[in-house]
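Try each task before reading its solution.

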Amino acid sequence: QLEAQVLYDSSEKEQILAEEEAWKAEAKDVEAAHKTSDAMSHGLRAFVHALLAGTLAVTAVVFFVVRTLLVIIIPGARTIGGFLSTKSIQEQDTIISRNS
């Protein structure tokens, strides 16, 4: 009977140790899942920020192109076209002859 009691006590200790190991493993699993969740949310935020930065860059380029067209290229082309077109030269000759 003493031997049975010793075996029973040792099996209880082994069961308690097994339960503790199971709790530790479960706690590690929960911690790993939490870290994975944090990493995924961080990655998603980084992706959204990259999209916003790309959108801002495209907007800046479009603004620069449109501003260059409206302020420099179109007025310059009109001026050069005005000097080069024969109609404009004829109009200038007419204005000069009227003033004379």
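A patch is made of residues with over 30% relative accessible area and no salt bridge, and nonpolar side chains are joined within 5 Å. Keep in mind that this model is predicted.

**Exercise 1. Find which residues form a nonpolar patch on the surface.**

Solution. 
- Step 1: Start with the valines. Val58, Val61, Val62, Val65, Val66 and Val71 belong to the patch.
- Step 2: Ile72 lies in helix α1, which covers residues 2-84.
- Step 3: Classify Ile72. Its relative accessibility is 55%, and exposed means over 50%, so Ile72 counts as exposed.

**Exercise 2. Identify the partner of Lys35 in a salt bridge, and state how far apart the closest N and O atoms are.**

Solution. 
- Step 1: The structure holds one salt bridge.
- Step 2: Lys35 pairs with Glu31, and their closest N and O atoms are 3.6 Å apart. The cut-off is 4 Å.
- Step 3: Check the spacing. Both residues sit in helix α1, four residues apart, so about one helical turn separates them.
- Step 4: Compare with the accessibility classes. Lys35 is exposed, at 55% relative accessibility. Glu31 has a relative accessible area of 45%, so Glu31 is partly exposed.

**Exercise 3. Describe the whole protein: how many helices and strands are there, and what share of residues is buried?**

Solution. 
- Step 1: The protein has two helices and zero strands.
- Step 2: Of its 100 residues, 1% are buried. Buried means under 20% relative accessible area.

Notes. Residues are numbered from 1 along each chain as its sequence is written. This is a predicted model: local features need pLDDT of at least 70, side-chain atom pairs count only at pLDDT 80 or more; totals for chains, interfaces and linings use all residues. Side-chain values use heavy atoms; hydrogens and water are left out. Patches are made of residues with over 30% relative accessible area and no salt bridge: like charges are joined within 9 Å, nonpolar side chains (Val, Leu, Ile, Met, Phe, Trp, Tyr) within 5 Å. Accessible areas come from the Shrake-Rupley method with a 1.4 Å probe; for residues, only the protein chains shown count as cover. A salt bridge is a side-chain nitrogen of Lys or Arg within 4 Å of a carboxyl oxygen of Asp or Glu. Buried means under 20% relative accessible area, exposed over 50%, partly exposed in between (1.4 Å probe, protein chains only).
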